[in-house]
Amino acid sequence: MKLRHVVESQQFTLPMLMELFQIAGQMEKVLARGGTQDYQSKIMASLFYEPSTRTRLSFESAMLRLGGKILSTENARTFSSVASGESLADTIRVLGDFADVIVLRHDEVGGAKRAAAVSSVPVVNAGDGKGGQHPTQALLDLYTIYKERGAIEGLKIAIAGDLAVGRTARSLSYLLGKFDRVMIYFVAPDVLQMKSDLLDHLAEHDVWFALESDFSKILPEVDVLYQTRIERERLGDRADQYDEIARSYFIDAAKVARMKEGSIILHPLPRLNEIAPEVDGDAHAAYFRQTRNGIAVRMALLATVLES
Amino acid sequence: MKLRHVVESQQFTLPMLMELFQIAGQMEKVLARGGTQDYQSKIMASLFYEPSTRTRLSFESAMLRLGGKILSTENARTFSSVASGESLADTIRVLGDFADVIVLRHDEVGGAKRAAAVSSVPVVNAGDGKGGQHPTQALLDLYTIYKERGAIEGLKIAIAGDLAVGRTARSLSYLLGKFDRVMIYFVAPDVLQMKSDLLDHLAEHDVWFALESDFSKILPEVDVLYQTRIERERLGDRADQYDEIARSYFIDAAKVARMKEGSIILHPLPRLNEIAPEVDGDAHAAYFRQTRNGIAVRMALLATVLES
Amino acid sequence: MKLRHVVESQQFTLPMLMELFQIAGQMEKVLARGGTQDYQSKIMASLFYEPSTRTRLSFESAMLRLGGKILSTENARTFSSVASGESLADTIRVLGDFADVIVLRHDEVGGAKRAAAVSSVPVVNAGDGKGGQHPTQALLDLYTIYKERGAIEGLKIAIAGDLAVGRTARSLSYLLGKFDRVMIYFVAPDVLQMKSDLLDHLAEHDVWFALESDFSKILPEVDVLYQTRIERERLGDRADQYDEIARSYFIDAAKVARMKEGSIILHPLPRLNEIAPEVDGDAHAAYFRQTRNGIAVRMALLATVLES
């Protein structure tokens with residue numbers, strides 16, 4: 001697979017996704033052996049315009065497990081050049097002399113695409129802007145569903161929580177829509193429902209979806225429950241209903257008991273009060289396995305762009 | 001020696017301490033050879049909820065000298081997940097997928113113990129909370145005394161300065177109490193004296209100790225003088241006496257001249273105005289050798305938990 | 001070449017510069033091969049008292065390309081020991097136990113010299129104070145001129161912009177003055193002209209120089225145009241003339257068209273509005289090649305001090 005940059009979910013075709021999963025599976029074996037030193041001459045630069053320590057450390061761990069090396073900047077807003085007004089293009093051009101791949105978290109939608117356009121080395125989008133994309137998160141989500149369920153085709157998948165700004169919900173929806181007979185339930189309070197541009201995209205591609213607000217009703221129906229966080233301030237003039245909404249979307253043991261056998265719960269983490277800790281030990285709870293899969297998927301992506 | 005986590009001084013028995021010192025001695029030889037690559041497939045994560053650059057860099061240097069690799073976060077309060085309210089348990093579970101050992105500086109007493117309880121990889125306590133523990137500092141202090149004096153048994157040791165909140169003073173006292181015929185002088189202004197829980201612990205274990213406030217009187221008596229800092233604001237309603245107290249506890253060449261031959265001065269560093277620079281070149285001054293020993297001791301601890 | 005510390009431009013003699021350029025040329029070949037693992041047992045500590053992410057990452061990339069390892073602190077003002085009042089001397093002494101070379105960015109003129117005086121390992125000055133030095137930047141500037149033009153002797157070089165506080169302009173001037181028949185034009189608004197101490201130094205060493213304020217007039221004359229930034233607030237009571245001055249110093253395609261064939265434009269970067277992006281693709285534009293040369297020059301310096 002030739003892969004120059006990782007900018008958005010849509011760039012991945014079905015064959016690319018299948019090949020990526022195969023490589024990720026091999027990377028799991030590499031991880032079980034304690035990693036490789038194959039990429040010891042390669043440097044990855046973490047360029048984060050906003051802090052996202054978990055995503056940064058996940059990429060850095062993946063690069064170290066490949067044997068590679070790291071240049072890190074935790075918060076590029078304080079990147080002295082950026083603070084002094086340097087353009088993203090100049091920053092990327094210079095970093096391309098320092099590193100072999102740039103992992104970019106940018107604070108504007110489209111930042112990754114602009115960076116990729118001028119970069120002399122591969123750029124991997126680690127999230128760009130509110131309502132932008134976070135393709136590697138979506139790829140690890142998809143890989144987790146694939147691993148846990150054996151296939152994506154024909155699955156009933158609920159994506160729940162705040163879907164209006166959720167980068168991961170958006171990026172994942174694009175990917176799910178590529179698979180046959182997938183049924184997507186967007187489960188959210190009205191004010192936080194998935195935006196129409198994404199729904200239009202799915203409709204154009206003949207993907208089945210439904211909008212729901214009743215979390216409880218959907219629960220026994222689905223094979224995959226993708227939970228995300230709802231924040232009080234995001235509810236606008238319904239903020240006074242936050243406690244009631246949070247309670248109805250809260251996953252505890254009682255709710256899990258109503259789920260189908262073999263169904264799984266995912267969450268991009270961190271969680272606040274969306275899933276009770278009592279659920280962690282349940283077989284349905286796949287969210288910590290999901291994090292672990294993130295290392296293998298990011299190793300696969302980094303190795304692929306470094307080879308391309 | 002089997003060692004899963006390093007949480008508190010008390011967990012180390014005398015035989016474990018002796019074995020640790022033996023390993024630290026070997027690590028000094030490894031350092032003299034320029035380090036090893038033996039742990040090149042291992043990753044250490046530095047998770048610091050409050051900044052402590054010296055401690056962080058000491059651990060990171062130790063891990064690099066072992067050939068290992070590092071994931072670093074300078075100030076985990078800005079760890080985006082933590083900032084958004086993620087529990088310590090969730091953070092630790094996720095980091096356990098990214099790294100082979102977690103070095104944790106936490107801002108609450110007992111943080112390291114809570115982390116160890118849920119971690120899939122070893123947790124090393126790099127300080128937890130005011131009045132909590134800092135066991136690796138105490139171990140390197142003890143190792144330094146052992147190296148400089150040949151044995152701990154029978155030594156007269158003064159621990160001076162602010163003992164009420166001093167993590168290192170507390171952790172070191174627990175360790176010293178394990179050795180035969182040790183005599184500990186706690187030398188501090190009344191308001192900053194060692195707390196009764198620690199004194200009760202020593203009394204229960206038949207350890208000889210005395211409370212003193214006259215620094216000058218103790219000086220010629222002891223084999224080891226462990227100096228720590230006194231801060232003006234800590235003196236409460238005696239703050240106006242700060243200058244006088246600071247002067248009487250200040251170690252200069254004149255005071256050193258009154259010390260026993262072969263006695264040593266330790267300090268956990270950083271120092272502000274507790275020891276005059278003119279003392280640095282004196283044979284009694286062991287505080288820079290102490291820092292250096294920290295690398296070997298931390299290499300020994302990291303290697304041990306990574307092998308266990 | 002024996003080189004213990006890199007503190008200031010003046011310490012480099014002509015033979016040292018020539019040898020450094022030779023080593024840098026070899027390092028470019030090492031880079032083309034993907035780096036070396038020769039220095040895998042060596043640790044470089046980045047100790048930055050003020051953030052300068054580009055300089056830090058350039059040094060760290062150089063060390064990683066040598067196979068070495070890194071201890072990093074992005075902003076040592078928050079170095080907990082420093083924040084608590086530790087002296088630079090103590091910090092340096094302790095870091096010398098953690099690392100094999102210290103790269104220091106200090107906020108006071110002379111900081112690097114003070115650090116070198118007490119350090120047990122080599123200290124490399126990565127900029128010290130406003131109006132201090134930044135010798136490695138000057139060395140990479142000089143190396144770029146040498147590479148692009150084949151020699152330094154006999155060149156006409158304009159150094160333009162804010163020369164009153166420009167560390168790089170000062171450090172570069174010291175170096176240029178060592179070469180035969182060099183002609184230096186200092187091109188700046190009066191209030192930002194090069195200070196007399198540096199001009200006196202050049203006069204004493206029989207270096208030809210001229211003070212100019214007319215950027216346009218100098219443009220067709222020179223072989224090398226070294227551009228730096230002018231900031232509005234630096235103009236004092238001429239701040240209202242900022243737009244006019246900025247325009248007259250702004251390099252666009254029209255201005256480049258007036259330059260001599262084979263002449264080059266340098267800039268220490270980051271740029272704000274000193275050079276139009278339309279110039280980037282022009283053969284005269286050497287500023288991105290300059291950044292790249294920085295890696296090779298810093299590899300050469302690090303390797304040399306680590307061997308000395």
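## Where chain B meets chain A

In this predicted model, the contact between chains B and A draws 20 residues from chain B and 21 residues from chain A. On the chain B side, three elements each supply at least two residues: β2 (69-73), α3 (80-83) and α4 (88-98) of chain B. Of these, α4(B) gives the largest share of that side, with 5 residues. Sorted by class, the side of chain B that touches chain A holds 6 nonpolar, 8 polar and 6 charged residues.

## Where chain A meets chain C

Let us move on to the next contact. Here 20 residues come from chain A and 21 residues from chain C. The elements of chain A that each supply at least two residues to the side touching chain C are β2 (69-73), α3 (80-83) and α4 (88-98). The largest share of this side is the 5 residues from α4(A). The residues on the side of chain A that touches chain C divide into 6 nonpolar, 8 polar and 6 charged.

## How the copies are related

What rotation superposes chain B on chain A? The answer is a rotation of 120°, with 0.0 Å of shift along its axis, and the RMSD is 0.0 Å. That is the relation of a three-fold axis. Chain A can likewise be laid on chain C by a turn of 120° and a shift of 0.0 Å along the axis, with an RMSD of 0.0 Å.

Do the copies meet through matching or different surfaces? Only 5% of the interface residues of chain B are also interface residues in chain A, so the copies meet through different surfaces. For chains A and C, 5% of the contact residues of chain A recur in chain C, and again the copies use different surfaces.

## Two domains in chain A

Chain A is divided into domain 1, made of residues 9-133 + 294-307, and domain 2, residues 135-290. Taken over C-alpha atoms, the centres of the two domains of chain A are 26 Å apart. Their contact takes 19 residues from domain 1 of chain A and 14 residues from domain 2 of chain A.

Which elements build the domain 1 side of this contact? In chain A, α1 (14-32), β4 (123-128) and α12 (287-307) each supply at least two residues of the side of domain 1 that touches domain 2. That side of domain 1 of chain A divides into 9 nonpolar, 8 polar and 2 charged residues.

## The four-stranded sheet of chain C

Chain C has an open sheet of 4 strands with parallel pairing, in the order β2-β1-β3-β4. At the edges stand β2 (69-73) and β4 of chain C, each with a single partner strand, so one side of each is left without a neighbour in the sheet. On average, neighbouring strands of this sheet are turned by 15° against each other, direction ignored.

Within the sheet, strands β1 (residues 43-48) and β3 (residues 101-106) of chain C pair in the parallel sense over 5 bridges. One example is L47(C), whose bridge partner in β3(C) is L104(C). Helix α2 (residues 53-65) of chain C touches β1, β2, β3 and β4 of chain C, and its direction makes about 180° with that of β1(C). Helix α5 (residues 111-118) of chain C touches β3 and β4 of chain C, and its direction makes about 160° with that of β4(C).

## A covered helix in chain C

How many residues of helix α7 (residues 167-176) of chain C are buried? The count is 10 of its 10 residues, and the helix is mostly covered. Among the buried residues of α7(C) are R167(C), R170(C), L172(C) and Y174(C).

The buried residues of α7(C) pack against strands β4 (123-128), β5 (156-160), β6 (183-187) and β8 (224-227) of chain C. They also pack against helices α6 (135-149) and α8 (196-204) of chain C.

## The five-stranded sheet of chain B

To finish, here is a sheet in chain B. It is open, with 5 strands paired in parallel in the order β7-β6-β5-β8-β9 of chain B. The edge strands β7 (208-212) and β9 (264-266) of chain B each pair on one side only. From one strand to the next, the twist averages 20°.

At one end of the order, strand β6 (residues 183-187) of chain B runs parallel to β7(B) and is joined to β7(B) by 5 bridges. Among the paired residues, V187(B) has E212(B) as its bridge partner in β7(B).

Terms used: Residues numbered from 1 in each chain as written. Chains lettered and ligands numbered in written order. Predicted model: local features only at pLDDT ≥ 70, side-chain atom pairs only at ≥ 80, totals over all residues. Pairing = 2+ DSSP bridges. Axes fitted to C-alpha atoms, helices over the stretch in contact; angles between N-to-C directions. Domains from an automatic or database assignment. Contact = placed C-beta atoms within 7 Å. Nonpolar A, V, L, I, M, F, W, Y, C, P; charged D, E, K, R; others polar. Least-squares fit on C-alpha atoms with pLDDT ≥ 70 in both. Buried ≥ 20, exposed ≤ 12 C-beta atoms within 10 Å, placed from the backbone.
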